[in-house]
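Hi,

Here is the model I promised to pass on. Have a look at it first, and then read on for my notes.

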Amino acid sequence: MIKLFTLLFLSLFFLTGCITPWALSNGRTINNKSRYGLTVTTPKGWYTKKINETRVFTKRGLSLEYIMLDARKWKDSLSNGYTIPHNVLLHEIPEIVLGELCANSVALNMIIDSNKIIKVDGLPCSVTDFYYVSDKNLQMKGIQYCIPFKKSITVIRYTAEKSNYFEKGHKDFIDMIRTIDIKNKKYRSLPGISLQAE
Amino acid sequence: MIGIYKNFRKNIFAVTLLSIICESAIAENEIVLNKHDLAIIDKRVHESFEYSGLICNDNNLENAIYKVLQSITRSDDVKYQIKLLNNSDLNAFSLSDGTIYISIAMLGLIDNEAQLAYLLAHEMSHIELDHHRKFKYELHEQTLKATKNQIVASLFGVIISAYDQFKIPLAGFSRLQEYETDSLALEKIVKSGYNGWDASELFLSMFNWMEHKEKKIDVKYATHPQFKYRYEKCKIILKNLQPDPGRSIKGEFTYHSLMQPYYNVISNLLLSTNAVRELYWMLNLKMTKSTNVSEWHYLRGKIFELYHPVDSFSTGIDNLNKSAESTLLSAKSYRETGYFYLKNNMMDSAHFYLKKYLDLDRDASDASIVKYYLGQKND
């Protein structure tokens, strides 16, 4: 009996050691220029975790709301098997990246509400508002920022349940976007976009 | 501490052994559901599709399909209902309450009425053979791995919601059940006067479709048997069932003429999901130029613009120019022509066509993007 308890205890000990816990974000700056190409201040009071290479933030649970910070390498296949064409236009990138959500059945009935090009810290960036139905049958609303760099596209996406939760976390997300500091301005040469950072 | 280290290998071995036991316990299994559970599952599936907005309400198409269904059913025990899904995946499935869901893309792939009858008969056979209730499932490599990990984890209290993980294998019937259904479906349609040989070629079309898919599903992860094996099996059954493979097709309507307007819808669905190879295949085989010349040219131009801009530049531009001849499509054709030139760094031509687009559609939702590119040109 003691052996069995020892076995269970040790197995639990072993397994919990393999799991990265959620940490409370205290507004520190993520400075991973090699991966994201930028530094950004994380929203205070949100819980954060690194899932594979993706940094995720949430305050009320991943199925209700999350902010995702990730990078997609140009040459690599996306999780839906597609690759981003070499001469893609900036406004076409968000749809291709969002296609991952649809193909993985995380999002159904994806509707892109608006798509525009703005400047973030002097560099062109596509901003996309979208809606979808989640795998938990919730009507979701999201905003996605895509900034192309030499090696990869940095994707910052805020998604939340549309009626009750979107507005609650929206301000924190916008505050986070305002703190973006692109130190490494190695912008990707895209058709139709001036290469020089302003 | 030394004790822990000494026992470490033993413990790892014990955990591995436990997971193997779990594996063997669930690798082949049968779930028998009661009517109440089935009703709940059906209700949830209906609600989920209604909510997702994927349901395509088209009485004309639904009625035509229902007529074929009536011609192969002899039982009034089940009240069948057809529901169409606005989905670019090849899919058809049934629920125990008699509802048959078919994706629009699946209808696009079908060549004739016999194949449609076969598809319906297959789903009806699942219901008649009570597969929804006596649910045999196989755990294939991927689901097995996922389930095993979650079971081991849930045993140790790390993940409590094991139910969510257990539903993974509930995604499809077993391959044996699929073969059983294929045989019964063939029998049904042959008895109803359809040509089984024509019908079985649906598997060949599905095989070709999968070959053209950009992202292929690994055979070992598939819940259904491979299409080529199903086709071979059908041929064996048909040698006894319908020895004369005559090409007469029973059909009150011509399937192609019914479907022609929908090939357009399917093609646009494929385009919206970036399924460009499938779209190319659909345009070449199904959506004939005679149906909607401008739309056909537009979609072809769009394919070349998206994925072959350098090699097929002139063909793509030519197609887009031809589609611009249609008043309905001229604005977006100009826009795509502009983008095509932009991608090939021909800024003056790009500027010319993008301006033309804005002149035609000043309130376009993407006007700000076009203006951005025009502004870049002026820089």
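Lys73(A) has a relative accessibility of 45%, so it counts as partly exposed. Keep in mind that this is a predicted model. You'll find Lys73(A) in strand 6 of chain A, which covers residues 65-73. Together with Lys150(A), Lys151(A) and Lys186(A), Lys73(A) forms a positive surface patch.

Chain A also has a nonpolar surface patch of about 460 Å², made by Trp22(A), Leu24(A), Tyr47(A), Ile51(A) and Leu62(A). Tyr47(A) sits in strand 4 (residues 47-51) and is partly exposed, at 40% relative accessible area.

Now the salt bridges: there are 21 of them over all chains. One pairs Glu50(B) with Lys83(B), with 3.5 Å between the closest N and O atoms. Glu50(B) belongs to helix 2 (residues 35-52) of chain B and Lys83(B) to strand 3 (residues 81-85) of chain B, so this contact ties together parts that are 33 residues apart in sequence.

Glu305(B) and Lys343(B) form a salt bridge at 3.5 Å, N to O. Glu305(B) is in helix 14 (residues 293-307) and Lys343(B) in helix 16 (residues 327-343), so the pair links parts 38 residues apart in sequence. Both of these side chains' residues, Glu305(B) and Lys343(B), are buried.

Asp366(B) and Arg335(B) make the other one, at 3.0 Å from N to O. Here Asp366(B) is in the loop between helix 17 (347-360) and helix 18 (367-378) of chain B, and Arg335(B) is in helix 16, so the bridge ties together parts that are 31 residues apart in sequence. Asp366(B) and Arg335(B) are both buried as well.

Last, the cysteines. How many disulfides does the structure hold? The count over all chains is zero. Take Cys146(A): the nearest cysteine sulfur belongs to Cys125(A) and is 7.0 Å away, whereas a disulfide needs the two sulfurs within 2.5 Å. Cys146(A) is buried, with a relative accessible area of 0%. Over on chain B, Cys234(B) is buried too, at 1%.

Cheers

How values were computed
Residues numbered from 1 in each chain as written. Chains lettered and ligands numbered in written order. Predicted model: local features only at pLDDT ≥ 70, side-chain atom pairs only at ≥ 80, totals over all residues. Heavy atoms only, no water. Buried < 20%, exposed > 50% of the residue type's maximum accessible area, 1.4 Å probe, protein only. Patch = residues over 30% accessible without salt bridge, like charges linked within 9 Å, V, L, I, M, F, W, Y side chains within 5 Å. Areas by Shrake-Rupley, 256 points an atom, 1.4 Å probe, with all protein chains shown as cover. Salt bridge = Lys/Arg side-chain N within 4 Å of Asp/Glu carboxyl O. Helix = DSSP H or I, 4+ residues; strand = E, 2+ residues; numbered from the N terminus. Lys, Arg positive; Asp, Glu negative; His and termini not counted. Charge placed at Lys NZ, Arg CZ, Asp CG, Glu CD.
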